[in-house]
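Me: I'd like to learn to read strand order and salt bridges in a model. Can you take me through one?

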Amino acid sequence: MKLTGIHHLTAVTADAPGNHAFYTQSLGLRLVKKTVNQDDVSAYHLFYADGKASPGTDITFFDWPVERERRGTHSISQTALRVNGEKALQWWKDRFGALDIRSEAIVERDGRLSLDFEDFEGQRLSLVDDGGQGEAHPWERSPVPVEYQIRGLGPIRISVPKLERTARVLTEAMDMRAVREYRVGDTPVHVFAMGEGGPAAELHVAVEPGLPPARPGAGGVHHVAFRTPNEQTYQECWERLQSLRAPSSGPVDRYYFQSLYFREPNGILFEIATDGPGFATDEPMEKLGERLALPPFLEPRRAEIEAGLKPL
């Protein structure tokens with residue numbers, strides 16, 4: 001599979017207005033698409049990203065009226081967001097203190113400075129110094145100064161009780177590379193890289209056999225998506241899964257990108273998504289996220305869908 005990095009991560013909120021306020025005002029991200037879950041149109045699907053809605057920068061949320069997640073293994077356990085430099089991390093540490101956002105000390109982990117924090121529903125997040133690696137597209141209307149803005153996603157950490165079966169899928173089916181190991185306390189974490197590697201293209205696998213299985217809910221993560229450049233490489237990914245007889249969704253057209261869903265051996269949901277066509281397909285770039293956007297097959301139901309959604 002030609003996977004180049006993290007495409008997006010989709011989590012769960014039970015409070016869409018509070019979620020919108022936190023990610024746009026506290027974190028300074030841009031709401032680049034306000035749409036609905038295409039499989040459950042009663043729920044918002046909110047996409048927050050950089051100034052140009054670049055693939056690899058989206059943290060997204062389904063809005064479901066559910067209880068909080070019960071933490072455990074068989075889950076996606078931490079989402080990292082990239083910033084540039086120790087000075088940026090210190091700025092964010094001060095900002096979190098001023099906004100009464102729960103955060104930990106700045107520490108070095110896996111050779112990078114990191115600042116762990118949580119949103120108001122207990123979503124486990126971390127800011128990671130990526131050293132300015134790769135492109136950045138700031139949002140000019142963000143409340144966060146350009147030099148401190150979040151640059152994108154990665155790495156993503158998952159929790160499994162045993163490594164072997166997951167590692168086999170990552171390396172043999174998905175063509176990731178096992179590159180190193182580190183520890184968080186007593187927990188071993190194995191790093192798997194895609195494409196050119198680096199924090200935007202890493203999946204970190206924590207082995208935690210002593211934890212119970214997680215129970216999904218608000219503050220938890222629904223799935224993680226990996227980037228593939230175009231429809232040709234996407235088709236090759238689909239053919240690869242078929243050749244391995246791996247159960248999957250088959251190709252799914254999400255209008256803004258093409259998707260393919262499957263579960264790794266511990267039940268964690270993975271998605272492969274194309275970089276394009278992108279979120280400016282049905283809205284001008286300068287007006288992304290300002291209105292409810294619906295793919296063409298849902299447009300005839302707009303009045304019904306809008307009536308079932310809470311205002312943000």
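Reply: We start with the sheet, then turn to the charged pairs. Keep in mind that this is a predicted model.

Me: What is the strand order in the open sheet of eight strands?

Reply: The order is 6-7-8-5-9-12-11-10, with mixed pairing. Strand 6 (103-109) and strand 10 (177-184) are the edge strands, each pairing on one side only. From one strand to the next, the twist averages 25°.

Me: In which sense do strand 5 and strand 8 pair?

Reply: Parallel, over five bridges. Thr79, for instance, has Leu125 in strand 8 as its bridge partner.

Me: Which strands does helix 3 touch?

Reply: Helix 3 (residues 164-173) packs on the sheet and touches strands 9, 10, 11 and 12. Its direction makes about 15° with that of strand 11.

Me: Now the charges. How many salt bridges does a search of the whole structure find?

Reply: Side chains of opposite charge can pair when their charged atoms come close. Here the search finds 21 salt bridges. One of them joins Asp63 and Lys310, at 3.2 Å from N to O. Asp63 lies in strand 4 and Lys310 in the segment after helix 5, so the pair ties together parts 247 residues apart in sequence.

Me: Is Asp63 buried or exposed?

Reply: Buried, because its relative accessible area is 5% and the cut-off is under 20%. Lys310 is partly exposed, at 45%.

Me: Which residues are linked in a network of salt bridges?

Reply: Asp110, Arg112, Arg180 and Glu202.

Definitions and conventions:
Residues numbered from 1 in each chain as written. Predicted model: local features only at pLDDT ≥ 70, side-chain atom pairs only at ≥ 80, totals over all residues. Heavy atoms only, no water. Pairing = 2+ DSSP bridges. Helix = DSSP H or I, 4+ residues; strand = E, 2+ residues; numbered from the N terminus. Axes fitted to C-alpha atoms, helices over the stretch in contact; angles between N-to-C directions. Contact = heavy atoms within 4.5 Å. Salt bridge = Lys/Arg side-chain N within 4 Å of Asp/Glu carboxyl O. Buried < 20%, exposed > 50% of the residue type's maximum accessible area, 1.4 Å probe, protein only.
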